[in-house]
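Please read them with the structure open.

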Amino acid sequence: MLVLKELSKKFGKHTALDRVTVSFPPGITALIGPNGAGKTTLIKIACGVLLPDTGEVLYDGRSLSRFRRSLIREIGVVLENAENVYGYLPVWANLRFFATLWDLPEAALQTAQELLEQFDLAHRKGNPVNDLSRGNKQKVAVILALMKRPRYLFLDEPTLGLDVFASQQVEQLIRTWVKQSPCTVVLTTHRMDLAWRLADRFVFIREGRILWEGPREALRRLPHWQSVYRVVYRKDHRVLQQEVEARDLSSLLSSLHREGTTILEVHREEPDLEDVVRALLSGEVTP
Amino acid sequence: MRKILQAYLYKYYWEQRYYLPNFVFEVLGHLLFFLGLFTLLFQPDPTRFLQGLLGFLLWMISLTIMYESAMLVWEDSLLGTLEHVYMSPHPFWQILLGRMVANLILHTGLYSIFLVGALGTYRLMGHTIHIPPVAWPWMAFSVAILFFASWGMGLILFGVALVVKRAGSITGFLYWVLFFTSGALFSVKEQPRPFQILAWTTPIGPAGMVMADSLRPGSPMPLLLPSLLHTCLYVLLGFVVMHLGLHYARKTGKMARY
């Protein structure tokens with residue numbers, strides 16, 4: 001379990017994180033927030049490449065500041081907007097270089113080879129990374145993080161700029177990976193559909209503060225996560241419709257029944273995560 | 001440490017497939033510069049030629065050692081790979097040392113081209129190559145202190161570059177300060193006092209002086225202790241500045257942005 005305790009971080013006058021306390025249990029946690037919310041700062045502090053002003057990072061109770069060198073072996077990361085690898089070197093040379101520098105066992109390269117095959121990149125492993133498309137570069141970055149077989153995996157916008165097919169491949173890989181080798185994954189993304197499909201837990205962050213954290217079932221119980229029922233009926237030779245929340249459905253149906261109205265259809269419409277997140281992050285709704 | 005060396009040797013091997021011509025022409029440029037200087041400025045004095053040649057080599061080695069450490073910031077920070085390098089379980093000073101040694105091994109081939117070229121041209125000009133008796137322990141000592149003092153300077157440059165983005169701009173100036181204090185052009189001991197003092201502030205000055213003394217076997221070695229202290233000071237200062245620079249970069253997020 002990864003626990004971030006009372007983390008604060010300022011860049012000049014800008015507060016990136018404000019006494020953030022949050023935990024990430026095994027499984028996939030989606031870290032959701034608008035641009036500048038502090039997601040990348042949080043990930044970089046958790047990886048140890050950035051120092052917090054106050055607070056500490058605990059991996060299974062072990063402090064990152066004290067055990068960085070041993071813990072770093074268990075952490076894999078894909079950083080946002082970074083090349084992550086040397087563009088002028090071939091794909092395989094990059095993987096081999098980092099595997100050696102990070103002191104990984106020989107099996108890591110076997111894992112890398114398998115992942116290259118899964119990503120249809122095996123035939124391009126001799127090409128310089130700069131010759132690859134953006135999507136393929138991102139896949140190489142994901143492979144670089146996964147070949148460590150990390151217990152903690154940080155994916156900062158792993159599908160940024162990817163087309164729908166590449167994005168699907170990354171999504172599928174993450175899903176399969178977590179199933180095969182249980183680990184703690186922290187995923188940041190602006191794609192709510194992806195987050196909803198992958199994550200077991202959600203953490204919402206805005207202006208450096210955690211707004212809400214919890215499992216997806218708890219997210220469904222939030223007051224603004226309500227299914228809406230659309231009732232279509234015929235009245236006075238006209239087809240009308242009305243949207244009501246679950247709690248008002250029975251009263252609407254009984255009143256329509258009393259009026260002798262013909263009810264044509266009742267649809268249950270699931271809420272859109274994007275709308276819920278927008279409401280949550282914009283402050284329209286307080287959790 | 002072996003792993004780091006292995007990793008960087010592997011990386012440089014691949015880099016050479018792209019950048020070998022750059023290295024070769026860089027060495028050829030240095031060779032022309034050296035030959036031009038010695039043809040224009042000096043009579044073909046074999047002792048002076050040899051001293052100049054070794055001083056020049058020390059200068060080239062010193063530049064390689066220094067810039068290779070600092071290059072990690074200038075190159076990797078721009079590419080966005082420095083954070084991944086930092087995520088190695090090895091202490092950072094070992095990464096810098098391994099990287100530098102790997103680069104030095106690679107450059108050995110290029111220094112050999114320089115040596116063969118310089119000696120060959122000298123011979124073609126009709127001069128005899130006369131190798132005077134050499135005090136080899138002192139020669140080895142001069143190379144050792146050059147290695148560590150230059151590495152210390154490299155760590156300083158690395159630390160400063162993490163804090164001040166444009167630290168690289170002073171390297172052009174540093175190049176020539178080191179050249180004039182290397183003993184390649186004039187023996188440091190023959191230079192005016194301010195230049196001698198300047199030589200003691202550079203990582204190459206004492207090494208150049210010890211190297212010059214090693215070509216005069218039997219001469220006393222009064223520079224042993226001061227040059228050793230000078231080297232230790234450079235390494236110590238290098239470690240302090242490297243750690244401060246890293247701490248600053250990790251505090252401000254400058255490891256990712258250059």
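**Notes on the predicted model**

1. A glycine in a helix of chain B. Gly154(B) sits in helix H5 of chain B, which covers residues 136-163. The model is a predicted one, and the remarks below should be read with that in mind. Is Gly154(B) buried or exposed? Gly154(B) counts as buried, because its relative accessibility is 0% and the cut-off for buried is under 20%.

2. Surroundings of that glycine. Leaving aside residues up to four places away in sequence, Gly154(B) touches Met66(B), Ser69(B) and Ala70(B). Tyr234(B) is 80 residues from Gly154(B) along the chain, yet the C-alpha atoms of the two are separated by 9.5 Å.

3. Domains of chain A. Chain A is assigned a domain 1, residues 2-215, and a domain 2, residues 227-270. Between the C-alpha centres of these two domains of chain A the distance is 47 Å.

4. Extent of the interface. The size of an interface is often given as the accessible area lost when the parts come together. For chain A and chain B, the buried area is about 3200 Å², and carbon and sulfur atoms give 64% of that. Which residues of chain A lose the most area to chain B? They are Val49(A), Tyr88(A) and Leu101(A), which together account for 21% of what that side buries. Counted by contacts, 38 residues of chain A meet 31 residues of chain B.

5. Polar and charged pairs across the interface. Chain A and chain B have 14 residue pairs in polar contact between them, both residues being at pLDDT 80 or more. Two salt bridges are found across this interface. In Lys44(A) with Glu83(B), which form a salt bridge, the closest N and O atoms are 3.1 Å apart.

6. Elements on the chain A side. At least two residues each of the side that touches chain B are supplied by strand S1 (2-11), helix H1 (39-47), helix H2 (64-71), strand S6 (75-78) and helix H3 (91-101) of chain A. H3(A) gives the largest share, seven residues. By residue class, the side of chain A that touches chain B has 25 nonpolar, three polar and 10 charged residues.

7. Salt bridges of Glu74(A). Over all chains the salt bridge count is 18. Glu74(A) forms a salt bridge with Arg62(A), with 3.4 Å between the closest N and O atoms. Glu74(A) lies in the loop between H2 and S6 of chain A, and Arg62(A), 12 residues apart from it, is in strand S5 (residues 62-63). Glu74(A) is buried because its relative accessible area is 18%, whereas Arg62(A), at 26%, is partly exposed.

8. Arg151(A) has 39% relative accessibility, so Arg151(A) counts as partly exposed.

9. Arg191(A) and Asp193(A) form a salt bridge, with their closest N and O atoms 3.1 Å apart. Arg191(A) is partly exposed at 28% relative accessible area, and Asp193(A) is partly exposed at 39%. Through salt bridges that share partners, Glu171(A), Arg175(A), Arg191(A), Asp193(A) and Arg197(A) are joined into one network.

Notes. Residues numbered from 1 in each chain as written. Chains lettered and ligands numbered in written order. Predicted model: local features only at pLDDT ≥ 70, side-chain atom pairs only at ≥ 80, totals over all residues. Heavy atoms only, no water. Domains from an automatic or database assignment. Contact = heavy atoms within 4.5 Å. Buried area = accessible area lost by both parts, 1.4 Å probe. Salt bridge = Lys/Arg side-chain N within 4 Å of Asp/Glu carboxyl O. Polar contact = N/O pair within 3.5 Å; in protein donor to acceptor, adjacent residues only side chain to side chain. Helix = DSSP H or I, 4+ residues; strand = E, 2+ residues; numbered from the N terminus. Nonpolar A, V, L, I, M, F, W, Y, C, P; charged D, E, K, R; others polar. Buried < 20%, exposed > 50% of the residue type's maximum accessible area, 1.4 Å probe, protein only.
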